[in-house]
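Here is a short briefing on one predicted model. Please keep the sequence and the 3D view open while you read.

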Amino acid sequence: MVRLTPREHEVAVLIAYGYTNPEIVEQLEISIRTAEMHRANAMRKLAAKNRAEVVRWALVRGLLR
């Protein structure tokens, strides 16, 4: 079982919804560097090679409306 931090999870869900890094920064009110770090960590933990794999992860878990 993959363990994401709450913020990594939040960023991964936003990625799955199609948010870009600048949009994530605006939504979460964090720096671009912080957003990139959370994105990279989440993708590494999920073994996702691209954003499409993050979308699949979110769909399988019922995280998208």
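Axes here are lines fitted to C-alpha atoms, for helices over the stretch in contact, and angles run from 0 to 180 degrees between N-to-C directions. Helices are DSSP runs of H or I with at least four residues, numbered from the N terminus. With those terms, α1 and α3 pack at an angle of about 85 degrees, and their axes are 9 Å apart.

This is a predicted model, where local features need pLDDT of at least 70, side-chain atom pairs count only at pLDDT 80 or more, and totals for chains, interfaces and linings use all residues. Residues are numbered from 1 along each chain as its sequence is written, and side-chain values use heavy atoms, with hydrogens and water left out.

**Packing of α1 and α3**

- The two helices α1 and α3 are therefore roughly perpendicular to each other (angles of 65 to 115 degrees count as such; under 35 is roughly parallel, over 145 roughly antiparallel, and the rest oblique).
- From α1, the residues that meet α3 are Arg 7, Glu 8, Val 11, Ala 12 and Ile 15.
- Their partners in α3 are Ala 35, His 38, Arg 39, Asn 41, Ala 42, Lys 45 and Leu 46.
- By class, this contact of α1 with α3 has six nonpolar, two polar and four charged residues (nonpolar is Ala, Val, Leu, Ile, Met, Phe, Trp, Tyr, Cys and Pro; charged is Asp, Glu, Lys and Arg; the others, Gly among them, are polar).

**The nonpolar core**

- A nonpolar core is a set of buried Ala, Val, Leu, Ile, Met, Phe, Trp, Tyr and Cys residues joined through side-chain atoms within 4.5 Å.
- Buried means under 20% relative accessible area, exposed over 50%, and partly exposed in between, with a 1.4 Å probe and protein chains only.
- The largest nonpolar core has 19 residues, and those touching the most other members are Leu 4, Ala 12, Ile 24, Leu 28, Leu 46, Val 54 and Trp 57.
- Helices α1 (6-16), α2 (21-28), α3 (32-46) and α4 (51-60) each supply at least two residues of this core.
- The largest share, six residues, comes from α1.
- Buried residues of α1 are Glu 8, Val 11, Ala 12, Val 13, Leu 14, Ile 15 and Ala 16.
- These buried residues of α1 pack against α2, α3 and α4.

- Leu 4 is found in the segment before α1.
- Leu 4 is buried, at 18% relative accessible area.
- Contact means heavy atoms within 4.5 Å.
- Beyond its neighbours within four places in sequence, Leu 4 is in contact with His 9, Ala 12, Ala 42, Lys 45, Leu 46 and Trp 57.
- Leu 4 and Leu 46 are 42 residues apart along the chain, and their C-alpha atoms are separated by 8.5 Å.
- Not counting residues up to four places away in sequence, Trp 57 touches Leu 4, His 9, Ala 12, Val 13, Leu 46 and Leu 63.

**Asn 21**

- Asn 21 sits in helix α2.
- Its relative accessible area is 14%, so Asn 21 is buried.
- Asn 21 touches Ile 32, Glu 36, Arg 39 and Arg 51, leaving out residues up to four places away in sequence.

**Positive phi values**

- Most residues other than glycine have a negative phi.
- Glu 29 is not glycine, yet its phi is positive, near 55 degrees.
- Glu 29 lies in the loop between α2 and α3 and counts as exposed at 73% relative accessibility.
- Ala 47 also is not glycine, and its phi is positive, near 55 degrees.
- Ala 47 is in the loop between α3 and α4 and counts as exposed at 57% relative accessibility.
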